[in-house]
Amino acid sequence: MSENNLQRFHVGPRLSEAAVFNGVVYLAGMVPERGDTDIRGQTQDVLAQIDQRLAECGSDKTRLLRVQIYLSDIREIGAMNEVWDAWVAAGHTPPRATVQAALGNSDWKIEVIATAAQS
């Protein structure tokens, strides 16, 4: 396969926020831009970032192939799911895993990794 099939978006010194290869969009772990909100606010923030990155890469949430959700406190899964359920496209719910994990910043309550097909 040619390197020409690979595109990277929002490339930084440590990571790219997204990469596309052979029609598949791979997102880095999306974390809240603000750490001073509750789980609902942080989830809305992260899901909006996912919408934005997917759009930049020629995809959207109806094309999600897999989602991994990391919560700093699994007891907040109910509140997170309320926001998730309002966001996810009916009939297009992706395979998903949700686990508790120590996140890279103590203010973060959520981190989400997503993979999607391009439109």
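**View 1. Strands β3 and β6 run antiparallel in this predicted model.** The pairing of β3 with β6, which spans residues 110–117, is made by 3 bridges. V24 stands opposite A117 of β6.

**View 2. Strands β2 and β3 form an antiparallel pair.** Here 4 bridges join the two strands. A18 has L27 of β3 as its bridge partner. β2 covers residues 16–21 and β3 covers residues 24–27. The hairpin of β2 and β3 has 2 residues between its strands.

**View 3. N22 sits in the loop between β2 and β3.** The phi angle of N22 is near 50°, a positive value in a residue that is not glycine. This positive phi falls within the hairpin of β2 and β3. N22 has a relative accessible area of 41%.

**View 4. H10 belongs to strand β1.** The strand runs over residues 6–11. H10 is a residue other than glycine with a positive phi, near 55°. The relative accessibility of H10 is 41%, so the residue is classed as partly exposed. H10 is also one of the residues that line the largest pocket.

**View 5. The largest pocket holds about 160 Å³ of space.** H10 and L15 are in its lining, together with E17, A28, G29, M30, V31, E33, Q49 and R53. By type, the lining residues divide into 4 nonpolar, 3 polar and 3 charged.

**View 6. Q118 lies in the segment after β6.** With 25% relative accessibility, Q118 is partly exposed. Leaving aside residues up to four places away in sequence, Q118 touches V20, G23 and V25, as well as C57, G58, S59 and R63. A polar atom of the Q118 side chain is 2.8 Å from the backbone oxygen of C57.

**View 7. Q118 and A48 are 70 residues apart along the chain.** The C-alpha atoms of Q118 and A48 are separated by 18 Å.

Note on methods. Residues are numbered from 1 along each chain as its sequence is written. This is a predicted model: local features need pLDDT of at least 70, side-chain atom pairs count only at pLDDT 80 or more; totals for chains, interfaces and linings use all residues. Side-chain values use heavy atoms; hydrogens and water are left out. Buried means under 20% relative accessible area, exposed over 50%, partly exposed in between (1.4 Å probe, protein chains only). Two strands pair if DSSP finds at least two bridges between them. On a 1 Å grid over the protein atoms alone, a cavity is a set of points where a 1.4 Å probe fits but cannot get out, and a pocket is an open set with protein on both sides within 12 Å along at least five of seven lines; lining residues have an atom within 4 Å of a point. Grid points are joined across faces, edges and corners, and a volume is the space filled by probe spheres set on the points. Ala, Val, Leu, Ile, Met, Phe, Trp, Tyr, Cys and Pro count as nonpolar, Asp, Glu, Lys and Arg as charged, and the others, Gly among them, as polar. Contact means heavy atoms within 4.5 Å. A polar contact is a pair of N or O atoms within 3.5 Å; within protein, one must be able to donate a hydrogen and the other to accept it, and residues adjacent in sequence count only if both atoms are side-chain atoms.
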